[in-house]
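Please open the model in your viewer and keep the selection panel at hand.

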There are 2 protein chains.
Amino acid sequence: MQIKKIILLLLVVLSGTNSQAQKNARPNIIVFLVDDMGWMDTSVPFADSIMPLNRRYHTPNMERLAATGVKFTNAYAQPVCTPSRTSMLTGMNAARTRITNWTSPDKNIDSDAGDQQFAPLGWNRNGLSSVPGTGHTAYATPFPQLLKEAGYYTIQVGKAHWGAAGTPGANPYNLGFMVNIAGHAGGHPQSYLSEQRYGNMPGKAQMQAVPDLEEYYDTHTFLTEALTREALKALENPIRRKEPFYLNMCQYAVHTPIMADPRFVQKYYDAGLDSVEAAYASLLEGMDKSLGDIMDYLQRKGVAGNTIVIFMSDNGGLDHHQRGGAVNTHNSPLRSGKGAVYEGGIREPMIVKWPGVTRAGTVNSSPVIIEDFFPSILEMARVGSVHTVQQVDGRSFVPLLKNIQKPAARPLIFHYPHKWINIRTNEEAKLGINYYTAMRYDHWKLIYRMRTQGFELYDLSKDLRETNDLAQVEKEQVKKLALIFGRTLKERSAQMPVDKRTGKAVPFPDEAIQ
Amino acid sequence: MQIKKIILLLLVVLSGTNSQAQKNARPNIIVFLVDDMGWMDTSVPFADSIMPLNRRYHTPNMERLAATGVKFTNAYAQPVCTPSRTSMLTGMNAARTRITNWTSPDKNIDSDAGDQQFAPLGWNRNGLSSVPGTGHTAYATPFPQLLKEAGYYTIQVGKAHWGAAGTPGANPYNLGFMVNIAGHAGGHPQSYLSEQRYGNMPGKAQMQAVPDLEEYYDTHTFLTEALTREALKALENPIRRKEPFYLNMCQYAVHTPIMADPRFVQKYYDAGLDSVEAAYASLLEGMDKSLGDIMDYLQRKGVAGNTIVIFMSDNGGLDHHQRGGAVNTHNSPLRSGKGAVYEGGIREPMIVKWPGVTRAGTVNSSPVIIEDFFPSILEMARVGSVHTVQQVDGRSFVPLLKNIQKPAARPLIFHYPHKWINIRTNEEAKLGINYYTAMRYDHWKLIYRMRTQGFELYDLSKDLRETNDLAQVEKEQVKKLALIFGRTLKERSAQMPVDKRTGKAVPFPDEAIQ
């Protein structure tokens with residue numbers, strides 16, 4: 001009996017120890033989220049063959065990651081950044097968060113350009129909030145909060161842009177992060193240069209001045225590099241403590257202002273790029289070095305084998321303004337770019353490496369979307385049934401990592417009932433910018449023009465460039481898809497713009513098809 | 001044998017568990033450090049009787065803390081802030097750090113006012129650094145680093161001011177903190193008002209704009225309150241994780257700009273104070289509310305019984321400029337104020353509460369000094385033999401908490417080989433400001449005027465006001481003390497100012513006495 005008791009006690013004690021060990025064995029997770037990076041902004045080919053832009057850009061560390069992980073060739077985000085970033089954190093599609101445009105760093109500011117046809121929209125212009133009742137915000141439980149509660153050490157580095165100043169969402173500490181460096185209400189850096197103190201020049205600082213980096217002022221440290229060093233510093237703590245960590249590594253690159261990263265720009269000048277495009281390419285390569293430095297660090301610290309690295313961008317590459325060269329070329333072969341519902345505005349370079357789970361150098365063409373990050377990351381972290389105040393639209397892509405089975409078709413929604421920029425109506429139509437909503441379903445892409453209530457239909461399996469509109473020849477398909485599209489938008493309480501003249505909202509796609 | 005083996009294994013496992021439990025039982029430690037608060041800036045009497053200033057100010061939460069802890073009536077810091085703050089973090093006296101003046105937020109700036117007699121001093125104007133070889137810095141191992149390595153969750157909230165921008169010391173993450181909110185190279189807030197965004201107004205922000213508080217912009221949240229809320233938010237994490245924590249709670253209050261805390265100012269107007277002094281009193285009461293809110297929070301979370309709270313200020317109350325009323329009245333009965341080596345510049349309101357160790361409502365008159373915090377806090381945290389790169393001057397005051405035994409006399413050094421402000425020479429002498437060094441030894445205070453190489457001697461046991469200079473009548477005592485003083489300064493590699501005319505350094509006190 002005595003022995004039995006001892007053994008029983010021993011088992012109890014050991015099982016405690018064991019669960020502790022299990023807890024420690026949970027994988028670390030890094031999301032490396034780039035800003036405004038297009039699908040083609042890399043030397044890793046995400047199309048079926050190597051494209052000219054793949055030859056222009058040099059991202060050797062993305063190549064390294066892709067070679068050892070899974071490349072997702074049909075990964076999506078929203079056309080602009082805050083909607084994607086808040087979807088990622090909450091698992092809600094942008095139609096549901098009603099954070100459908102980028103948020104101003106200042107509270108209660110509608111970032112929409114004024115429009116003749118449509119009235120301003122009552123969207124959640126203050127972004128995400130962890131506090132119910134915050135005006136003009138989406139209230140949700142962000143996954144970093146759930147990871148933190150489950151014992152993860154949660155770190156935010158770089159661009160946050162989840163909520164406006166004067167609201168809880170401006171502060172990553174309110175969204176589940178235990179450490180925040182340089183994340184705030186601003187959506188881009190005032191400057192990438194330490195000589196300009198990342199914008200914090202006395203008497204010149206604006207809301208986009210990057211906080212928390214005084215250590216690097218005037219040290220010739222490019223913003224991308226400063227953020228990397230801060231991230232590695234922050235990682236020391238959970239690694240030393242043997243705690244699982246989540247790092248939300250959000251480079252401000254490659255968002256405007258397009259400033260040359262002096263470490264890399266010369267070779268792009270030498271290759272004959274104009275000064276803007278050379279600078280852009282250097283921002284990309286600087287970003288890529290950051291990825292490489294983090295991967296090297298994980299190796300050095302002996303935690304690479306238990307660390308998942310997910311590479312992603314938050315919207316398509318900038319195509320329209322502040323870039324060198326002609327419009328509609330910057331994401332080629334994809335059409336258009338940031339702000340648009342065409343593939344150039346929403347398709348993203350996504351790579352996932354999960355040591356022991358993903359197979360090296362594999363490719364997955366299943367459509368996935370930014371809100372899928374929420375359930376995927378929770379599944380990776382083995383956070384089981386969770387309590388969230390929001391309804392989650394995303395689906396975990398973890399099964400896709402484990403086998404090559406194709407998931408059932410589902411609607412992926414890109415909802416942009418806003419005016420992003422002032423351009424001519426024919427340009428809007430050509431580029432898919434301003435007052436567009438779109439759905440990808442299987443290999444189909446249905447686009448709904450809110451201004452004219454017309455449809456475009458593309459078969460992405462044959463027409464990646466979206467040049468062959470099938471809406472007039474595949475009328476039944478349009479109808480079928482419009483029903484799914486409209487139903488999904490309504491189920492998500494999507495907002496439609498209101499016509500100033502009639503005072504009526506634009507009908508949903510299923511209503512417009514009647 | 002089988003049983004023995006099991007028991008042995010069990011013991012091993014249990015001892016692991018036990019050491020874990022012990023680890024968790026280590027006390028939490030909060031240093032509540034106020035900026036520029038004088039010895040008399042409180043309704044808690046630190047002198048032998050209640051003084052008029054004790055009746056002017058209302059600090060009920062300090063009263064609460066003092067009633068349940070130990071009041072140190074002879075606690076000291078340096079005459080200005082960075083020297084005190086860096087001494088506290090390193091255990092080194094300011095003479096040894098050679099950080100003897102406040103540091104500019106900008107690198108390589110000598111904050112000294114220009115002087116006719118003395119040349120600029122090669123002091124460590126960039127503050128503290130965790131990286132050897134950083135120009136013009138003191139290299140040391142800060143105690144938060146040691147606490148962190150020992151498993152403490154280390155948090156910095158509010159004013160840091162340990163190092164200049166462009167150097168590692170500007171960033172609390174380099175000095176052992178795992179979390180930093182609003183601490184940077186700046187030494188005071190540009191504004192206390194959320195309506196002025198704590199200084200971060202587009203186009204108006206200076207280096208003193210307070211970072212990390214965008215959440216509170218335009219929410220009518222006074223800086224003192226915003227910092228308190230951030231501190232409580234940061235404390236959630238170690239408390240949830242059942243980890244011991246160290247909170248370095250550094251209110252920017254009551255430093256200039258002296259701006260009214262609207263929650264408290266009216267009653268001071270009603271009491272007849274002028275607008276500056278009413279604002280000052282309101283800053284104090286707002287600071288006191290922060291202390292109370294933290295103590296309430298500890299109670300609410302059930303951790304008050306295992307949390308040490310240490311209240312302190314970093315130099316004497318401002319007396320000379322930007323205050324209402326006459327000079328040499330703001331710390332009465334003490335002489336002078338901030339910047340001076342008279343008691344008004346260096347004596348601090350210090351209270352320590354260690355549940356289960358300190359006895360409620362006790363008073364300790366042993367002289368203690370800011371560098372004593374280093375060994376004291378490490379002893380409290382049971383961090384045993386530690387490796388530091390610096391020589392530690394401070395002595396633990398933990399024995400003083402545990403019994404009333406008087407410690408052996410030792411020299412406490414206040415070294416200020418600088419020009420703080422431009423005032424007339426006779427005012428310098430009256431106030432003890434500019435180019436002074438002083439030593440407290442037992443009940444004696446020896447002051448050495450660098451300009452004239454003359455001495456003043458006060459018996460603090462009889463002459464707290466320092467009005468009865470005994471240097472001419474107690475010549476032997478002056479000689480004896482000057483020897484200790486000079487020897488101590490030299491042992492600490494103290495710097496003396498250099499006369500422009502002769503190119504020679506001012507002799508040390510023991511050399512001047514010959």
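This is a predicted model: local features need pLDDT of at least 70, side-chain atom pairs count only at pLDDT 80 or more; totals for chains, interfaces and linings use all residues.

Residues are numbered from 1 along each chain as its sequence is written, chains are lettered from A and ligands numbered from 1 in the order in which they are written, and side-chain values use heavy atoms, with hydrogens and water left out.

**The interface**

Begin by colouring chain A and chain B separately and selecting the residues in contact, where contact means heavy atoms within 4.5 Å; 51 residues from chain B and 51 residues from chain A take part. The size of an interface is often given as the accessible area lost when the parts come together. Here the buried area, which is the accessible area (1.4 Å probe) that the two parts lose on being put together, summed over both, is about 3,800 Å², and carbon and sulfur atoms give 53% of it.

Now show the side chains at the boundary. Four salt bridges are found across the interface, a salt bridge being a side-chain nitrogen of Lys or Arg within 4 Å of a carboxyl oxygen of Asp or Glu. In one between B:R197 and A:D106, the closest N and O atoms are 2.6 Å apart.

Which elements of chain B each supply at least two residues of the side that touches chain A? Select α1 (2-25), α6 (143-149), β6 (179-181) and α7 (223-241) of chain B to see them, with helices (H or I, at least four residues) and strands (E, at least two) taken as DSSP runs numbered from the N terminus. The largest share of this side, eight residues, comes from α1(B).

**A cavity and a pocket**

Select A:N200, A:P211, B:N200, B:P211 and B:D212, which lie nearest the centre of the largest cavity among its 41 lining residues. On a 1 Å grid over the protein atoms alone, a cavity is a set of points where a 1.4 Å probe fits but cannot get out, whereas a pocket is an open set with protein on both sides within 12 Å along at least five of seven lines, and lining residues have an atom within 4 Å of a point. A search of the whole structure finds one cavity of 30 Å³ or more, and the space in the largest cavity is about 530 Å³.

Move to A:N74, A:S365, A:S366, A:P367 and A:R440, which lie nearest the centre of the second largest pocket, lined by 34 residues. About 650 Å³ of space lies in this pocket, and β2 (70-76), α12 (398-402) and β13 (436-441) of chain A each give two or more residues to its lining.

**Backbone details**

Most residues other than glycine have a negative phi, and most peptide bonds are trans. Select A:S332 and A:P333, which are joined by a cis peptide bond with omega of about 15°; A:P333 is in the loop between β8 (307-313) and α10 (343-346) of chain A. In chain B, a cis peptide bond joins B:A253 and B:V254, with omega of about 10°, and B:V254 lies in the loop between β7 (245-250) and α8 (265-270). At A:E466, phi is positive, near 55°.

**Last stop: A:H320**

Finish at A:H320, in the loop between β8 and α10 of chain A. Leaving aside residues up to four places away in sequence, A:H320 touches A:V327, A:I421, A:I423, A:E427 and A:L431. A polar contact of 3.5 Å joins the side chains of A:H320 and A:E427, while A:H320 and A:L431 are 111 residues apart in sequence and 8.9 Å apart in space, C-alpha to C-alpha.

Technical notes
Grid points are joined across faces, edges and corners, and a volume is the space filled by probe spheres set on the points. A polar contact is a pair of N or O atoms within 3.5 Å; within protein, one must be able to donate a hydrogen and the other to accept it, and residues adjacent in sequence count only if both atoms are side-chain atoms.
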